[in-house]
Amino acid sequence: MLEQLSIDHPSYLRKDAIASTVMVSPPNSNQSGSSAKQSLEAGLAALKARDYDRAIALLESVTQTAANQPSGIRAQMGLVGAYKATGNLKKAIALCSSLATSPNPQVKTWADRALKELTPPPPPKPPENKPKSAETLPETGFVAFDAGTKSPKKTIGGDLPTADKKTGFLPLEPIAAPVNAKSQPISPPPPPPTSQTSEPENSTETAPETAEISGENSSASPTDIPGVASPDITTYQLTWRDTGRAKSPRPLKPLKLLEFRIQAVASAIALFFLARFILQFLLTNTNSLLVQLYIFTRLPIFAPIQLFYRDPTPFVQMVFGLLLASSPWLIDSLLKLFCGIETLRGSVLSKHSKEASRVLRSFCTKQNMPTPVLKLLPLNVPVAFSYGGLPRFARIAVSRGLLEQLTDDEIATIFARELAHISHWDFAPMSLALLVIQIPYLIYWQVAHWQERLCDLMTIEFLRSAVKFVAAAISATSYGIYKLLRWPMLWLSRRRVYFSDRTAAEITGNPNGLTRAVAKIAIGIADNIEQQKQTSFFLESFDLLLPVGVGQAVTLGSAALHAPLEQILLWDVSNRERNWLTVNRAHPLLGERLKLLALYAQFWQLETELDLVDAGVQEQPRKGKLSLFKSIVEFKDSKLFLQGAPFFGIPMSLAIVGVLWLIGGIFSRTSIWQLDWLWGDRSIIWGCLPIGFSIGTLMRINYFFPDITPRETASPSLPEILSNPDSLPLDAEPVRLEGLLLGRSGMSNWLGQDLILQTATGLVRLHYVSRFGYIGSLWPFLFKETTRPSDLIGTSVVATGWLRRGATVAIDLESLRSQGGRVSDSGHPIWSAILAFAAAFWGAYIIIQGPR
C-alpha cells in the first residue's frame, strides 16, 4: 500500500481537502512573524513546484521559529507532504504523530487520517482451507447475479503489447501507466494555477498543497475554530452508498423495438441523403472554382473535372454498402492503427468481473445469438462500445481504464448495455454512421498534424505559408462536414441509450450498479482530459458510441468531485425546457438517465444509489384544457420562444408567405393586377425562410449578449452554476473565471474546437469566434490579429464572457487574457448581427430574383 502512495494520489496531500485546516497569521504580527510568513509562502511555493529540497529547508526553518503558531502548524503539514515525496516516511509519520496531539481538533483530525495512510496495514490473515461452494448461477435469461464476489484490484498492463509505432499516423491517445481507481471515496483534483496578479495585496495565507486523507467522515466546520480561515474550495468527497440489487426482478414493460428499428433505418437513410448532398455540393463547387481559375490563368491544369458533373448517388450507395458490410473489420483496423487494440481474453475478463462473463454467456444463450468478440483498448479512460454489421460479427470493445476503475458488478452492467445494443440492432446503423463521419474527421486530424511536419522541413517562407493556407482550409472544411454528418444520427443516438440502460438493468437486476458505472465513466473521462490537458481525438471521434457523452462528462464529471451528484444533476431532472435543449446532443441528459435507473430500483423495492426521483420540480396542474390560441400565447411569452427565436422564425415566416399568397390570390381576381404575381410564387417561400431566421436572431440578440461590466461580472463556482434548475442559455450571465486553459495545440484547434478552462471546481468548455469570423481564426495575419486562443494553451488565463447553461455548460467568450498580457478577443455578438443581416439580404435577393 505504501508503494501506491504518492504526491499525485487523488486522495493525498491536496490543497482543497485541507482548506478547512488553513491557519491565518494574527493581524498584529511582529517582524519575526513576518519573516516566518515569507518563508512559509516560499516553502509552499517550492512544494507546489516539486522543489522538495528547498521546500524542506524553508518549512523546517519556519517550524523552528514559529513552532506553536499557526504558521508553524501549516509548515509542519507541508513538511509531511515533502517528506512523503522524498521517501522519508519515518519523519512524515513522526511529524503526523506530533500533530495528532494538537489541541486544535481540526489539525488533529487531519493528522489522524494522514497516519492511517502513511502507516502500513497489518498483513492479511492466511486463507482458511474451505471447500469451494457452488458459486455459479443458472445460465438462463434475465437472472440477477450475485454481487457478493468482487474481483481483486489488479492491472492488466503486462498482458498488453505496446501499440505499433511504425506507421506514420498520429496515435489516438498516449498510452500511460495504468491507474487503479476502484478505491472509495474519491477526492477532488488539485485546483489549477491562477493568475498571481488577481490576488489582493493583503490576502490571507493560502493552504499548502496538501489534502486530507480519504475518509467518509468529514471534519468540523473551520469557521468553528479560532484562527482558521473559511475555505474557498469545498472539501466535499464523493462516496458511494453501494446499495443493493434485485435477486428476482419483476419484468418491466416490453420495449417497442419494431418502431425503434424503423426509426433507426430512417436515420441511416437521412444520413445517406445528407452525405450525397454534401458530396454533390463539394464536387459542383470544386468545378466552379476550377472554371474561374482556368478563365483567369488559361492553364490546362485548372480545367474542370468532367467526372465531378456526374450524379454521385450510385457512388454513395456503393460506399455505404461496403462500409456497412465491412464495418467490424474496418473499425478493428482503425483502432488497431491508432490505439493498438487487442483481443480481450476470457481469462482476463474473468479476473476483473466474473459476473460480466456470466452475463455474456447467459444472455447470448437466451437470445440464441453468437457471443460477441471482445476487444481491449490500452487506454486509461473508462469507455466501452459495441460495433459491427451483424450480431454474428459483433464486437464489444472495453478500455483498460474501465476494467480497473469499475467494480465487478459495475463492469457487468456495462457489458449488459452493449449486449442490449446488439440485440436491439441499433449497433449496425451506428457503426455505419461512425465510419461515415470518420472520413472527414480523419482528414481534419491528419491534415492538421502533417502540415506541421511539412512546414518544419521547409525553409522557404512562401511555401510554408502556402501549405498552411491550403491545409487550414481543408482541415476546417473537413471538421465542419464531420459535425454536420452527425446530425441525422443524434436522435437515434439518444434514444438507444434509454433502451440499453433499461435492458441492462433488467438483465442484471442492478440499476444501482449501472448508476455508479455511468457516473464513474463520466468522472473518468473528465479526469482523462485533465491528465492529457486536452480532449483526445479518440474521445471526440468515437463520441457517438460512448456510454456517456464527452460534452457532458467534461463539466459534470469534474464537478462530481466537488459537490453531491444530486445537486449538480438538478437541472437535468427539473428544468422544464430541458428536452428541447438536447436536440443537438448525441446523448440524453445524464441526470435523466440516472433518474430512470432510480425509478427502476424503486419498482423493484430497492434503496436508490442517488436521490433523484423526487428532485425534479413538479408541474403545477392546469385547470381544464387550454385552447390552441392560449397555448400559442403562453409559448410566445416563454423564455423558450425567445431562446429558439431564430429557428421558430422560420416556420413563422411560412405564415407570412401564406398571407402574401392570399393577397396575391385576391388581387388576381380583381382589376388590381400589379400584385397578382404574389399568388403561387415559390421564390417568396425560399426568400422568407432566411428572413424569418434573421428576424428571430435580431429579436434575441440583446438578451443573448448583455453588456459586460466589471461590477456585474460574477465568478461563480461550477457547483453553483449547475445548481440553478431554471436557467436557460438565454439567461446569459456575465462571468469572469480564472484557470488553466486546456485543449489541443496547433492547427487542429485554430477554430477553437477544443477549448476548456480548468477552474478550481471543475472544467468548463469555452466557445470562441474571431472578430473577423472563420477567416480571422484560420489566417489572422490577414487582419493583424495574431493571438488565437490555441496560442494560450497551457497557460493561466482569465476568461470573460457569457455563461450558457443548457444540456451542457459553456462560456461564449468575450476575451481571454493571459498572465503575460496577451489577449484574444472573441466576436460572438458581432457575428450574430452579421449573420442576421446576411440572412435578410439573402432572402431579399431570392425574392427579387423571382422564380427560375
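Start with the charged pairs: the count comes to 23 salt bridges, each being a side-chain nitrogen of Lys or Arg within 4 Å of a carboxyl oxygen of Asp or Glu. This is a predicted model, where local features need pLDDT of at least 70, side-chain atom pairs count only at pLDDT 80 or more, and totals for chains, interfaces and linings use all residues. Residues are numbered from 1 along each chain as its sequence is written, and side-chain values use heavy atoms, leaving out hydrogens and water.

**Stop 1: salt bridges**

Select D501 and R417, whose closest N and O atoms are 2.7 Å apart in a salt bridge. D501 sits in helix α15 (residues 487–508) and R417 in helix α12 (residues 408–424), so the pair ties together parts that are 84 residues apart in sequence. Helices (H or I, at least four residues) and strands (E, at least two) are DSSP runs, numbered from the N terminus. D501 is buried, with a relative accessible area of 4%, and R417 is buried as well, at 2%. Here buried means under 20% relative accessible area, exposed over 50%, and partly exposed in between (1.4 Å probe, protein chains only).

Next, pick R805 and D572, a salt bridge with closest N and O atoms 3.7 Å apart. Strand β8 (residues 796–805) holds R805 and helix α20 (residues 570–574) holds D572, so this pair ties together parts that are 233 residues apart in sequence. Both R805 and D572 are buried.

**Stop 2: nonpolar cores**

A nonpolar core is a set of buried Ala, Val, Leu, Ile, Met, Phe, Trp, Tyr and Cys residues joined through side-chain atoms within 4.5 Å. The largest has 135 residues, of which L335, L377, F385, F415 and F538 touch the most other members. Helix α13 gives the most to this core, with 11 residues. Centre on F415: leaving aside neighbours within four places in sequence, its contacts (heavy atoms within 4.5 Å) include L344, L360 and I396. A second, separate core of 29 residues includes L40, L44, M77 and A100.

**Stop 3: helix α7**

Finally, select residues 313–325, the 13 residues of helix α7. Which of them are buried? They are T313, V316, F320 and L323. Look down the axis of α7: these buried residues fall within an arc of 95°, so they line one face of the helix. That arc is taken from the directions from the helix axis to the C-beta atoms. The buried residues pack against α6 (257–297), α8 (327–339) and α13 (427–457), while P314, L322 and A325 are exposed on the other side of α7.

How values were computed: The expected span of a helix is 1.5 Å times one less than its number of residues.
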